[in-house]
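Please read it with the sequence and the model at hand.

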Amino acid sequence: MKALLKRPANWIGFLLGILIWVFLPLGVAVGIYLAVWLYLWLFVLPSGKRLRYEFTESFRIAFAQIRANKMRSVLTALGVIIGIVAVTLMGTAIGGIDKGFSNSLAMLGEDILYVQKWPWGGVEDWWNYQNRPRITADIAEKLNQVIESTPNSTLEIAVPVAMRGSPVKNGEYKVNSVILGTTGEYSRISSVDLTEGRFFNETEANSGRPVCILGADVAEALFQGRSPLDQSVQVSGHPVTVIGVLAKQGSFLGLFSFDNQVFIPLEAFKKYLGLRRGVDVRVKVKDKNHLEESRDELEGATRRVRGQLPGERDNFSINEQQAFKAVLDPVKQGIALAGLFITGLSLFVGAIGIMNITFVSVKERTKEIGTRKALGARRRTILLQFLIEAVSICLIGGVAGLLLTYGACLGLQAAMPSFPIDFSINLVFISMLVSVVTGILSGFAPAWGAARLDPVVALRYE
Amino acid sequence: MTRPTGALVIDIEQVTKLYQMGEETIHALRGVSLKIHRNEYLAIMGPSGSGKSTLMNMLGCLDTPTAGRYEFNGKNVASMEDDELADIRNREIGFVFQTFNLLPRSTALANVELPLIYAGLSPSIRRERATRTLQDVGLGERMSHKPNELSGGQRQRVAIARALVNNPSIILADEPTGNLDSKTGVEIMALFETLYEQGNTIIVVTHEEDIARHARRIVRLRDGLIESDGPVG
Ligand SMILES: Nc1ncnc2c1ncn2[C@@H]1O[C@H](COP(=O)(O)OP(=O)(O)OP(=O)(O)O)[C@@H](O)[C@H]1O
Ligand SMILES: [Mg+2]
């Protein structure tokens with residue numbers, strides 16, 4: 001025991017344990033206590049029961065009222081409908097971008113750094129990049145030597161990848177695909193998920209054997225469901241044997257398909273398509289949580305390999321998936337801003353409309369208010385009734401808006417399955433909350449006026 | 001002069017009511033004193049503008065006097081807050097209006113249930129009591145009808161059932177036959193007679209001597225003052 005309590009970590013754990021054991025039951029007890037009181041109040045005590053009955057009666061009257069004035073109610077709810085459509089569409093779009101984005105990022109690899117000539121995300125001073133020497137395949141080799149000779153390196157392995165769009169043919173079938181030339185070590189930086197066959201090995205890669213691995217869509221397009229294994233396809237006019245088929249992966253942001261790829265050995269790529277445009281060097285890091293550190297190490301290593309002098313600007317770029325976030329953030333902000341603006345504007349217009357219609361409703365039913373007061377309605381009864389009426393119109397608008405957005409999402413999904421949209425359940429809660437708040441804010445002034453009416457004056461009103 | 005059968009329900013003394021209309025001050029009541037006991041049947045008469053409705057609103061706790069004392073069942077109501085008055089109206093007073101004042105989108109049953117909602121009674125009790133009261137006023141067959149599906153006399157019966165349903169100490173009716181033909185008016189007065197026989201306390205405001213003669217005591221107002229107060233004779 002003594003030994004156990006010596007280390008501060010144990011002490012903290014011990015105290016935390018005690019705190020949890022004290023506060024957890026306390027919290028549960030308070031929760032149960034409150035729940036019991038709420039139950040007693042609403043279902044046993046006369047005052048709470050009365051409030052509950054007033055609530056149900058008010059909802060009944062509100063819906064009868066809305067049913068009796070359908071056109072008026074729908075027109076009034078229009079602002080709320082538009083507002084909710086705007087806010088939910090915005091949420092769907094942003095959610096979709098985020099979802100598509102993180103899916104796509106996972107495809108790029110969270111633990112991969114890219115050594116390339118150009119930075120991702122575009123540049124303004126393109127002329128400064130234009131004249132950079134191209135990234136050659138031997139840089140990967142040299143980087144690996146540096147990594148090996150560095151004690152405690154945060155980098156694991158560098159692999160060259162050449163890429164180029166080119167048609168692939170099987171007899172009369174032809175598909176435009178992206179050819180990737182790489183080494184056998186590619187499978188070490190990216191989990192290559194194959195439905196059939198295997199990835200090429202080191203020997204095949206180094207000798208530039210005419211073998212290839214087809215992306216799922218390419219295989220489907222060229223072989224129409226038959227197995228492509230050991231069949232021959234033409235890559236830029238050269239016969240190549242299929243040794244593997246990749247599993248379906250989807251597309252990057254719905255724009256760029258990963259199933260459209262064909263992997264061949266780098267040496268073969270050089271022969272068929274040439275390496276004039278250079279390659280990417282993809283570097284896997286050991287710990288993706290310390291990406292910055294790895295990035296710095298990689299920068300230094302690449303400078304060494306490239307023989308750059310101190311003080312000289314890097315003549316290469318190190319890219320990572322994070323760069324895309326920076327590109328997408330302004331887009332998301334733009335959508336959010338536009339969405340919030342439209343939402344705010346239409347909710348404001350809607351709120352004014354609802355306030356107006358509630359004033360009209362109070363005016364029309366002044367005599368009813370007097371009658372209710374004569375029968376024993378308190379101020380809060382009348383206040384509640386008109387608030388609930390305003391909130392009901394808003395809620396109907398909110399539900400209509402949600403359904404419209406949901407329908408639009410379903411339609412879009414059917415039309416463009418790969419388009420990233422995400423209709424989350426949170427949007428339902430947010431819309432309901434926004435509707436209720438709009439209803440309360442816009443209904444309050446007229447409802448308050450109704451509640452404070454002098455019963456005698458109200459009864460005399462014709 | 002009256003038969004002081006039951007306990008004192010209403011006791012007002014030197015009650016005045018002023019209305020400010022711009023520059024002009026209107027003296028609707030100029031000092032009215034009145035005692036009403038349980039199970040009385042009283043008619044308030046007087047020419048138009050004499051203050052009948054003002055007095056009625058005061059008695060019904062819809063309004064508070066500008067000056068004077070008002071005790072309802074021994075409680076001083078002259079200085080009560082809005083919500084306290086609302087509760088008194090709910091539990092102790094049943095109103096019957098000239099224009100019936102039924103909720104147009106609610107059935108007869110729902111209209112009669114309304115005061116019971118404000119009394120905080122559960123739906124089953126409400127339904128049972130409202131049904132029984134509607135049967136008592138002879139509308140057992142028309143409970144699920146909306147007001148626009150009922151005749152004037154039937155509407156006033158619904159309104160009377162609504163006034164009765166919470167067992168009030170008094171029933172206040174301001175010109176209850178004013179919007180009815182004379183035959184239906186007589187039927188409604190017969191209903192009041194029955195209610196009186198059953199032990200209810202009833203106050204009716206009316207213009208018409210014929211109607212007032214149904215009551216047992218007549219209070220005549222003129223210019224905000226009681227001109228006479230005595231048994232029907
Ligand atoms: N809210 C009010 N504001 C101003 N004056 C009022 C108000 N209520 C009543 N009065 C005035 O008080 C006086 C008494 O009115 P009240 O309604 O009590 O008359 P009444 O005897 O009921 O008349 P009627 O037989 O026409 O119904 C009238 O002069 C009326 O104009
Ligand atoms: Mg009057």
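## Terms and basis

Helices (H or I, at least four residues) and strands (E, at least two) are DSSP runs, numbered from the N terminus. Two strands pair if DSSP finds at least two bridges between them.

This is a predicted model, in which local features need pLDDT of at least 70, side-chain atom pairs count only at pLDDT 80 or more, and totals for chains, interfaces and linings use all residues. Residues are numbered from 1 along each chain as its sequence is written, chains are lettered from A and ligands numbered from 1 in the order in which they are written, and side-chain values use heavy atoms, with hydrogens and water left out.

## The sheet in chain B

In chain B, four strands make an open sheet with the order 2-1-4-5 and antiparallel pairing. Strand 2 (24-37) and strand 5 (75-76) of chain B are at the edges with a single partner strand each, so one side of each has no neighbour in the sheet.

Strand 4 (residues 67-72) of chain B is joined to strand 5 of chain B by two bridges, and the two run antiparallel. Glu71(B) has Asn76(B), in strand 5 of chain B, as its bridge partner.

## Chain B as a whole

Chain B contains seven helices and 10 strands. Its radius of gyration (taken over C-alpha atoms) is 17 Å, which agrees with the value near 17 Å for a compact globule of 233 residues; the globule rule is 2.2 Å times the number of residues to the power 0.38. The C-alpha trace of chain B spans about 45 × 40 × 40 Å along its principal axes.

Of the 233 residues in chain B, 56% are buried, meaning under 20% relative accessible area, with exposed over 50% and partly exposed in between (1.4 Å probe, protein chains only).

## Chain A as a whole

Chain A has 15 helices and 12 strands. The radius of gyration of chain A is 34 Å, well over the 23 Å from the globule rule for 462 residues, so chain A is more spread out than a compact globule. The C-alpha atoms of chain A fill a box of roughly 100 × 75 × 50 Å along the principal axes. Buried residues are 44% of the 462 in chain A.

## Helix 12 of chain A

Helix 12 (residues 366-374) of chain A has eight of its nine residues buried, so the rest of the structure largely encloses it. Among the buried residues are Glu368(A), Arg372(A) and Lys373(A). Gly376(A), which follows helix 12 of chain A, has a positive phi near 115°.
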